[in-house]
Amino acid sequence: MTESTALQADHRTVLLRGGDIHSPADPFATAMVVERGHIAWVGSEGAADTFARGADEVVDLEGALVTPAFTDAHVHTTSTGLALTGLDLSAARTPAGALALLRAHAAARPADRVLLGHGWDAANWPGEVPLTRAGLDEAAGGRPVYLPRVDVHSAVVSTALLDLVPGITSLAGYHPDAPLTGAAHHAVRAAAYAAVTPQQRAEAQRAARHRAASLGIGALHECGGPDISDEEDFTGLLALAAQEPGPRVFGYWADRVTGADDARRVRELGAIGAAGDLFVDGSLGSHTACLHEPYADAAHTGHGRLDAGDIAAHVMACTEAGIQAGFHAIGDAAITAVVDGARSVAEKLGLARVRAARHRVEHAEMLTPETIAAFAELGLTASVQPAFDAAWGGEDGMYAQRLGAERARTLNPFAAMLRAGVPLAFGSDSPVTPPAPWATVRAAAFHRTPEHRVSVRAAFAAHTRGGWRSIGRDDSGVLIPGAPADYAVWRTADLVVQAPDDRVARWSTDPRSGTPGLPDLTPGAELPVCLRTVVFGQTVFVRPNE
C-alpha cells in the first residue's frame, strides 16, 4: 500500500482524558492513550490515572469529543486548492453577477496567465442560461479564462483560451454557443492547467490539505488521471504530501490498463490503483451521464465513453496485476456496463478474485435493485457523495429537472445499498462540493428521499472506516488499540443516537445497547467544530485561540 505523508510516528506517550472517546472498544470511554503513533488504550476516567504517571503529555479534553479522523474518498486536491485561492462563482445567482465577480477577479490578478474559476450553475439562474464566451471576453479584457460548471463536466471559456488549443473546433463536445463538453472540454482544461505555475500548484495543494485538516479530515483519496490533471500534478502532490505534514494522501490514477506494463506504470506514478475518474460517462447536470431512457429535459440519453467490453478488459488486467480498478459511473446505463464488465471477469477469474480486489465505482448514483445486488455480489465499493443529494435532490432540484421526479427519487439509495451489503465510502468530489464531513454525514442521514436515509452512525462509519476499507485497510478509521492514531477533537453539543427508524433510535440510547453517541445532526443544529486533527500521532491542525 503506497501513501504519501511526511508523518513519522511520535514516540511520546500522550494521554487524553476528560472527554468523550468514540470507540467501539468502550462505548463509555472518556480517555485514550496514544503511543508510537497508534492507539494504545481507551477506557474510563478512573483507569486513566494509572497511565497518567507514565505519560509524556496529558491533554485535558474539557468535555470535547474525540473521533476517528474523516477520510474523504474522492478529492481533486489541486483543483480544490485553486478553487480556494481562485474565483468562486457558487454564490452567483445570475450570469451578470458571475461576470461581475470575474471582472473583479481579473483586476485583482493581473499577473495570472489564465484566470481560473469554479462553481457556476445555470440550473439556479433565470431561464437556466449559462455564461457566454462573449461575456467572458469582455469581463476578462481578452485574457484566457477557464470556468468549469459546478459538476466539472462542462465549461465556458474565453476566446483567448480557445486560441491556445489548435484544432479545438473539430473535437467532440465543441459548441460555438454553449459550454464545452467531452474531448473539447478536456483539451481546454489541459491548456488552462498547463498555464498554472509550479508555485501556484504547490500553493493550491497546500491550501487544500490545510483546509482538509481544519475539518478533521486525516486522509484524502486523490482522483487524478490524464483526463483530469496530468502526471506532473499527480506526482507533485504525492511528493509534497511526503515532505510536509498534513492529511495522508492516497492516489488513484484513472488510466486504462491493458497489461502488466500499464499496471507497472500506474505503480511507478505512486498510485494505489487504476481507478477514480476513469470515465464511463459524464454527469447529470451537463446531460452527459449515460442513461437507459432519455433525459426529461433533453431528447437524448447522454454519452457512454466505455462499454462493457472496455470495462472487462480493464478489470481483468488490474485484477491479474493485483491492483484496484475503478470507474466513474453515474447514469443507470453506465452502471449497467460496469456491472456487466466486472461480472464477465468474475466468470473467467472466479468471483473470489474479483471480490478480493475491492474494485471501486465512483458516484454510482442511478442504481437499481439489480445493480445494487450485483455490487454486493462482486464486492464493488461505492464511493459516493451524499452532498450531491443535498445540493441537487428533492422534488424541485436539478435531478428532477433532468430526469423527472419519479426517476430522481431513485437516486443515491444509500439505505438499500447498506441493506444489501454494498461497501460504502463517503467523499466530497471537491471542488464539485466542498469538503464538509459532518454536513456529508447529515446529508446521508437526512436524505431528501426518506427511504434512502441511513443512521448517523452508519453514515459516520462510511466517512471514516469506509474510506480505509475501500483501499484495503481494515485496521484503520476506528479508535481501538492497535489502530493508527488518526483522530480529531471536536467541540459539540450533547451526543445522541439518530436512526431513520425511531425504534432503533430509542433502543440505541438505552445504556444496555452499548452504542456510542454522536453529535446531533438534525438539520438546523450547529455542526461540530474541529479543535485539533492528529495523523499518526502527530498534530496537523490546531484551531487558533483554542
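Visitor: Hi! What does Ile-330 touch, leaving out residues up to four places away in sequence?

Guide: Hello! In this predicted model, Ile-330 touches Asp-281, Gly-282, Ser-283, Leu-284, Ala-289, Ile-335, His-363, Glu-365 and Met-366.

Visitor: And where does Ile-330 lie?

Guide: Ile-330 is in the loop between strand 15 and helix 11.

Visitor: Is Ile-330 buried or exposed?

Guide: Ile-330 counts as buried, because its relative accessibility is 4% and the cut-off for buried is under 20%.

Visitor: How far is Ile-330 from Ala-425?

Guide: Their C-alpha atoms are separated by 16 Å, and the two residues are 95 apart along the chain.

Visitor: Thanks. Let's turn to helix 10. How does its span compare with what 1.5 Å a residue should give?

Guide: The two agree: the 14 residues of helix 10 should span 20 Å, and its end C-alpha atoms are 20 Å apart.

Visitor: Which residues of helix 10 are buried?

Guide: Ile-311, Ala-312, His-314, Val-315, Met-316, Ala-317, Cys-318 and Thr-319 are buried in helix 10. What covers them includes strand 14, strand 15 (324-329), helix 11 (332-349) and helix 12 (351-357).

Visitor: What about the start of helix 10?

Guide: There, a side-chain oxygen of Asp-307 comes to within 3.0 Å of the backbone nitrogen of Gly-309. Past the helix comes Gly-322, with a positive phi near 80°.

Visitor: Can we zoom in on Thr-319? What does its side chain make a polar contact with?

Guide: The partner is the side chain of His-359, at 2.8 Å. Setting aside neighbours within four places in sequence, Thr-319 is in contact with Val-345, Leu-349, Arg-353 and His-359. Thr-319 sits in helix 10 (residues 308-321) and is buried, with a relative accessible area of 8%.

Visitor: Nice. New topic: helix 8. How many residues does it have?

Guide: Helix 8 (residues 231-243) has 13 residues, and from its first C-alpha to its last it reaches 18 Å, close to the 18 Å expected at 1.5 Å a residue.

Visitor: Which of its residues are buried?

Guide: In helix 8, the buried residues are Asp-233, Phe-234, Leu-237, Leu-238, Leu-240 and Ala-241. Looking down the axis of helix 8, these buried residues fall within an arc of 160°, so they line one face of the helix.

Visitor: What do those buried residues pack against?

Guide: They pack against helix 2 (77-85), helix 7 (198-214), strand 12 (217-224) and strand 13 (248-253). At the start of helix 8, a side-chain oxygen of Asp-230 reaches to within 3.2 Å of the backbone nitrogen of Glu-232.

Visitor: What lines the largest cavity?

Guide: The lining has 24 residues, and Ser-79, Val-152, Arg-189, Tyr-193 and Pro-431 lie nearest the centre of the cavity. Helix 2, strand 9 (115-118), strand 10 (145-148) and helix 6 each supply at least two residues of that lining.

Visitor: And the largest pocket? What is its volume?

Guide: The largest pocket has a volume of about 550 Å³. Its lining has 30 residues, with Ser-90, Pro-431, Val-432, Thr-433 and Pro-434 nearest the centre.

Visitor: Which helix gives the most to the pocket lining?

Guide: Helix 14 does, with four residues. Helix 2, helix 14 (386-392) and helix 18 (437-445) each supply at least two residues.

Visitor: Pro-431 came up for both the cavity and the pocket. Where is Pro-431 placed?

Guide: Pro-431 is in the loop between strand 18 (424-426) and helix 18. The peptide bond from Ser-430 to Pro-431 is cis, with omega near 15°.

Visitor: What is phi for Val-152?

Guide: Phi of Val-152 is near 65°, a positive value in a residue other than glycine. Val-152 lies in the loop between strand 10 and strand 11 (155-157). His-287 is not a glycine either, and has a positive phi of about 60°.

Visitor: Last one: is Asp-163 buried or exposed?

Guide: Asp-163 counts as exposed, at 60% relative accessibility. Its place is in the loop between helix 5 (159-162) and helix 6 (182-194).

Key: Residues are numbered from 1 along each chain as its sequence is written. This is a predicted model: local features need pLDDT of at least 70, side-chain atom pairs count only at pLDDT 80 or more; totals for chains, interfaces and linings use all residues. Side-chain values use heavy atoms; hydrogens and water are left out. The expected span of a helix is 1.5 Å times one less than its number of residues. Buried means under 20% relative accessible area, exposed over 50%, partly exposed in between (1.4 Å probe, protein chains only). The arc is that of the directions from the helix axis to the C-beta atoms. Contact means heavy atoms within 4.5 Å. A polar contact is a pair of N or O atoms within 3.5 Å; within protein, one must be able to donate a hydrogen and the other to accept it, and residues adjacent in sequence count only if both atoms are side-chain atoms. On a 1 Å grid over the protein atoms alone, a cavity is a set of points where a 1.4 Å probe fits but cannot get out, and a pocket is an open set with protein on both sides within 12 Å along at least five of seven lines; lining residues have an atom within 4 Å of a point. Grid points are joined across faces, edges and corners, and a volume is the space filled by probe spheres set on the points.
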